[in-house]
Amino acid sequence: MIRVTVWNENVHEREHQGVRDIYPDGIHGCIAKFLELDEEIVAKTATLEMPSHGLTDEVLENTDVLIWWAHCHHHEVSDEIAKKVQQAVLKGMGLIVLHSGHLCKPFTLLMGTSCTLKWRDNDRERVWCCNPGHPIAKAIPEQFEIPVEEMYGEFFDIPNPDEVVFLGWFKGGEVFRSGVTFTRGRGRIFYFQPGHEWNPTYHIEPVQKIITNAVKWAAPTCRIDEIGCPNTQPLEK
Ligand code: ZN
């Protein structure tokens with residue numbers, strides 16, 4: 001089984017009825033629910049207001065893939081926990097960063113760049129698959145539309161990704177590297193752009209499928225206890 005922890009800031013859902021109407025169980029609850037439709041995945045949730053933000057050492061040690069959604073409260077995540085997430089990725093934990101999570105502390109730590117981008121509310125997006133052989137693109141059509149989504153545009157200040165799997169085109173004319181992969185240490189990272197809290201994006205079937213595929217792709221084949229290359233005895237000749 002792939003053990004997933006879906007982390008969410010969980011502030012918009014508590015403060016705005018309009019967001020709660022779309023996600024009555026929170027964005028984290030919605031994502032955990034559709035992930036668990038896959039028999040290979042078991043999903044738990046964690047939120048900002050929990051002690052240690054719900055990311056204790058034990059939780060991180062028992063997480064194969066961490067999903068991160070956040071927006072306005074990145075600064076409330078403690079530096080200590082952000083560092084622990086970064087270290088867990090270097091040791092092999094998968095990380096999927098969604099939408100406005102592009103500015104969260106663990107992602108910016110792992111990227112080393114500002115991770116800023118251009119944005120505008122309420123546009124129509126067409127998501128194009130530009131790497132159809134990639135495991136994250138499995139059973140995803142050549143393109144699909146998100147009727148209303150926040151525009152995220154280039155320049156997206158990330159290091160050159162290992163792979164660009166999806167490109168977003170917006171009605172306003174902007175384009176965006178909407179689905180990109182990275183490797184850091186032993187960990188695999190996928191950033192996926194759709195998912196503004198005021199739009200029902202995580203109810204859209206191809207979006208759910210992409211996140212499910214990404215969990216399987218990012219799941220570690222092995223985890224280690226230390227970062228880097230462990231000391232070994234010389235091989236016998
Ligand atoms: Zn947004």
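User: Which residue stands opposite W68 in β3?

Analyst: W7 stands opposite W68 in β3, in a model that is predicted, where local features need pLDDT of at least 70, side-chain atom pairs count only at pLDDT 80 or more, and totals for chains, interfaces and linings use all residues. Residues are numbered from 1 along each chain as its sequence is written, and side-chain values use heavy atoms, with hydrogens and water left out.

User: In what sense do β1 and β3 pair, and over how many bridges?

Analyst: Strand β3 (residues 65-69) and β1 pair in the parallel sense over five bridges, where pairing requires that DSSP finds at least two bridges between two strands. Strands here are DSSP runs of E with at least two residues, helices are runs of H or I with at least four, and both are numbered from the N terminus.

User: Which strand is joined to β1 by seven bridges?

Analyst: That is strand β2 (residues 41-47), which runs parallel to β1, and within β2 the bridge partner of V4 is A43.

User: Is β1 largely enclosed or open, and why?

Analyst: Strand β1 (residues 2-8) is largely enclosed by the rest of the structure, because six of its seven residues are buried. Buried means under 20% relative accessible area, exposed means over 50%, and partly exposed lies in between, using a 1.4 Å probe and protein chains only.

User: Where is the cis peptide bond?

Analyst: The cis bond joins E154 and F155, with omega about 20°, and F155 lies in the loop between β6 and β7 (163-170).

User: Last topic, how many helices and strands does the protein have?

Analyst: The protein has seven helices and nine strands, and buried residues make up 54% of its 237 residues. Of the contacts with a separation of 6 or more, 72% are between residues 24 or more positions apart, a contact being heavy atoms within 4.5 Å.
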